Structure formats: C-alpha cells, structure tokens
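Work through the exercises below with the sequence and the model open beside you.

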Amino acid sequence: MTRSVWLKADDAVGDWDDRRKRITAGLEAGVDWVLVDAADVGRVRELGDVNVAAFSDGDAQVIDEAEERPAADAYVVGKDGEGDGTVDLPNDFSGSADLTTLRRGDDRADGAYVRILSEEYEAFAEEAAEEADYTIVVGEDWTIIPLENLIARIGDETELVAGVTSADEAKTAFETLEIGSDAVLLDTDDPDEIRRTVEVRDEAEREQLEFEWAEVKTVERTGSADRVCVDTGSLMDHDEGMLVGSMSRGLFFVHAETAESPYVASRPFRVNAGAVHAYVRTPDGGTKYLSELQSGDTVQVVDTEGHTREATVGRVKIEKRPMFRVVAEFEDGDRVETLLQNAETIKVATGEGRKAVTDLEAGDDLRVYREGGARHFGEAVEESIIEK
C-alpha cells in the first residue's frame with residue numbers, strides 16, 4: 001500500500017501569510033497533497049509542485065473553468081456543509097446535498113470531508129466512501145475506535161484519509177488494525193512535526209526483509225569484467241548497502257563504501273555492486289540488471305537488520321576491473337554466487353561482521369536475501385528456471 005500525507009491549509013489556518021508558511025514547510029518536507037480553499041489553488045501552484053485538493057461547494061470546478069482559474073487535482077465537499085456539521089445531516093441520506101454532489105459522477109467533487117461528531121457521522125462517512133475517491137475523516141477528540149470502524153467497513157473503493165495533528169497520531173493511523181488508513185490529513189504549523197509525519201509515512205511504506213545465512217564455499221580470482229559502482233543521491237549509514245547477485249533467488253548484502261581506507265577516502269553514497277550482468281533489488285520488490293541502471297532510477301537500500309528505504313541513482317560508473325567469484329551455500333544445499341571486484345574496499349556482511357571481500361574465506365557465513373521463483377524482466381514469476 002502506498003501511503004500519503006495531506007496537509008490542511010485552508011482559511012481555518014489563518015490569513016494567506018500563515019497558510020503560505022505552512023504550505024512551504026510542507027513542500028520542503030515532501031508532503032503529497034495540500035488541501036486548501038478553491039481560491040488558493042493558483043497560489044499553491046506558484047509555490048511548488050504538489051498535488052492540490054480544494055474544498056468545494058460542488059460548483060468550484062465549474063467556476064474555475066468559467067473564470068479560467070487553475071483547477072485543483074481533486075475537489076472535496078463537506079466544508080461548510082453536512083460533512084463538518086455546519087448543515088444538519090438529513091434523516092435520509094438520499095436527500096444529502098454533499099452525497100448528491102458526489103453521485104453526479106462528474107468532476108465537481110472527487111472527495112468527501114467528514115468530521116466524526118457521532119455515530120451518525122460515521123455512517124455518513126461510510127455512505128460517502130461508496131462514491132468518493134478520497135474520504136477524509138476527522139475526529140474531534142482523536143480516538144482510534146471510529147477509525148477502526150471505518151477501516152473495517154470501508155473497502156478499496158476509496159482512499160481513507162485520517163485527520164491527525166502530530167506524527168505520533170499519524171503513526172497510529174497508519175498502523176490501526178494492522179491495515180491502517182491510506183493517508184493522513186495533518187493539521188499543524190510546526191515544520192518539525194510536518195517533517196516527522198513525512199518520515200512516519202516513509203517508515204510505513206518500507207519493506208522489511210528477512211535474511212538467511214549462506215556458507216562461503218568458493219572465493220576465486222576470475223578475469224576482469226565490467227564492474228558497476230552505483231552512486232546514489234543519498235548518504236548511507238555504516239550498516240547499509242544493497243542486495244546484488246548473479247542469481248535472482250539469492251542476493252548478497254554488499255556494504256556501502258562508508259569505511260575509511262588507507263588507500264581511498266570513504267564514499268558513503270556508493271555501493272561497488274559487482275559486474276554488469278548482476279541483479280540489484282529495487283524498491284518495488286523487483287530487480288534490475290546493474291547494466292540497466294542510470295541516473296534518476298531508484299534502488300533499494302537495506303541495512304543489516306533488513307530495514308529498507310529507496311535511494312535515487314545519481315551516477316553509474318562502469319569500469320573494467322579484476323573480479324572475485326564468490327559461491328555460497330544454504331543449509332538445504334542450494335548454491336548462489338556473484339562476481340565482486342577484487343578490492344579491499346568492497347565489504348560484505350558476515351557472521352563476524354563487516355568483512356572485505358579480499359579477506360573472505362571458505363567457511364565464512366554471508367548474509368543473503370533469499371527469494372524463491374524466477375525473474376522475467378525483473379518481475380518474479382512462477383516458472384522453472386536453472387541458474388548456474
């Protein structure tokens with residue numbers, strides 16, 4: 001599931017100067033959406049590139065088109081209406097003005113905004129979710145129970161956005177019922193809280209991998225090969241690296257070049273990943289050949305505990321270098337291998353800790369990510385395949 005962070009920045013926040021400061025902090029932090037009043041859409045477009053949702057009375061898009069104002073990416077009904085309690089809910093939802101706007105099926109409203117003031121408003125949010133692409137629910141006193149109810153009852157037909165005021169609340173929203181909301185609508189002026197909420201989003205999206213140990217059987221010199229260094233636009237920590245290998249079913253953990261050496265300075269943005277034929281794991285769970293990588297691509301960065309994140313490739317360096325062939329065997333007898341440059345700056349994760357490939361010996365245990373099945377254009381497929 002892809003999570004997202006919405007930032008509330010309508011006139012309830014204050015005047016335009018207050019709203020602008022909040023929006024700018026959100027842009028710098030990396031929020032996905034900004035929710036504003038329809039009159040502010042153009043102003044937000046001038047501040048930066050972000051998805052813009054606008055509160056609407058149901059006719060905002062028509063007005064925007066008629067007056068040639070910048071259009072929002074989504075329009076949301078409910079403010080100053082039934083959704084926020086300004087207008088009483090009808091006894092029969094078939095007579096709801098907000099729901100009628102959603103049911104039109106045109107571009108006048110894509111989402112619904114509902115304050116959960118009572119059980120009736122929970123039911124109203126459920127009804128809106130059947131028609132809305134986005135259903136924003138805001139509790140008055142932030143509690144988990146209404147959100148649990150809605151997560152349990154609302155299906156995939158809508159993106160459920162939970163109103164929060166802090167990163168801690170966002171974390172709870174993303175974890176509720178082990179499914180969580182699809183997104184959060186953050187209402188705060190604190191730039192640090194906005195940044196922390198984006199970090200919570202990133203954590204919620206990250207894949208957690210389980211490693212296995214494979215025993216080194218062979219470390220042998222081979223001839224030269226075209227070796228690939230993957231330079232990212234991110235600094236990596238001492239326990240981070242990438243997963244690479246000659247066989248898709250077993251990818252070796254190769255450390256980033258974060259360690260100082262008597263011969264070369266550390267390059268904490270770089271993983272010396274192996275030969276051009278090898279696979280590298282990508283954030284979507286797929287793989288790419290190292291030869292395919294280019295500036296702007298994304299690769300998966302992983303630490304020794306299996307925590308993952310993504311990094312953007314800034315540069316790929318391919319040079320002819322002498323190589324080692326490393327073969328390792330799992331407990332069940334399955335063997336995997338890869339080619340790594342013959343250089344003491346290339347380090348792998350062993351049972352004894354970080355170790356240079358030049359010091360690697362038969363009997364060492366290597367940290368390997370094992371994945372069943374074959375690969376076709378980088379995607380896992382169920383078919384028989386032999387790699388050797």
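This is a predicted model: local features need pLDDT of at least 70, side-chain atom pairs count only at pLDDT 80 or more; totals for chains, interfaces and linings use all residues.

Residues are numbered from 1 along each chain as its sequence is written, and side-chain values use heavy atoms, with hydrogens and water left out.

**Exercise 1.** Describe how helix α7 packs on helix α8.

Solution. Begin with the geometry: α7 (residues 167-175) and α8 (residues 191-205) have axes 8 Å apart, at an angle of about 20°. Here axes are lines fitted to C-alpha atoms over the stretch in contact, with angles from 0 to 180 degrees between N-to-C directions, and helices are DSSP runs (H or I, at least four residues) numbered from the N terminus. The two helices are therefore roughly parallel to each other, a label for angles under 35 degrees. Next comes the handedness: α7 passes α8 in a right-handed crossing, the near helix being turned clockwise from the far one by less than a right angle. Finally, list the contact (heavy atoms within 4.5 Å): α7 supplies Ala167, Asp168, Ala170, Lys171 and Phe174, and α8 supplies Glu193, Arg196, Thr197, Val200, Arg201 and Ala204. By class these residues are 5 nonpolar, 1 polar and 5 charged, where Ala, Val, Leu, Ile, Met, Phe, Trp, Tyr, Cys and Pro count as nonpolar, Asp, Glu, Lys and Arg as charged, and the others, Gly among them, as polar.

**Exercise 2.** At what angle do the axes of α1 and α8 cross, and which residues make the contact?

Solution. The axes of α1 (residues 16-29) and α8 cross at roughly 35° and come within 9 Å, and the crossing is right-handed. Arg22, Ala25, Gly26 and Ala29 of α1 meet Pro191, Ile194, Arg195 and Val198 of α8, a set with 5 nonpolar, 1 polar and 2 charged residues.

**Exercise 3.** What is the volume of the largest pocket, and which elements give two or more residues to its lining?

Solution. The volume is about 340 Å³; a pocket is an open set of points on a 1 Å grid over the protein atoms alone, with protein on both sides within 12 Å along at least five of seven lines, and lining residues have an atom within 4 Å of a point. Of the 13 lining residues, Asp202, Glu205, Arg206, Pro283 and Glu310 are the closest to the centre.

Terms used: Angles under 35 degrees count as roughly parallel, over 145 as roughly antiparallel, 65 to 115 as roughly perpendicular and the rest as oblique. On a 1 Å grid over the protein atoms alone, a cavity is a set of points where a 1.4 Å probe fits but cannot get out, and a pocket is an open set with protein on both sides within 12 Å along at least five of seven lines; lining residues have an atom within 4 Å of a point. Grid points are joined across faces, edges and corners, and a volume is the space filled by probe spheres set on the points.
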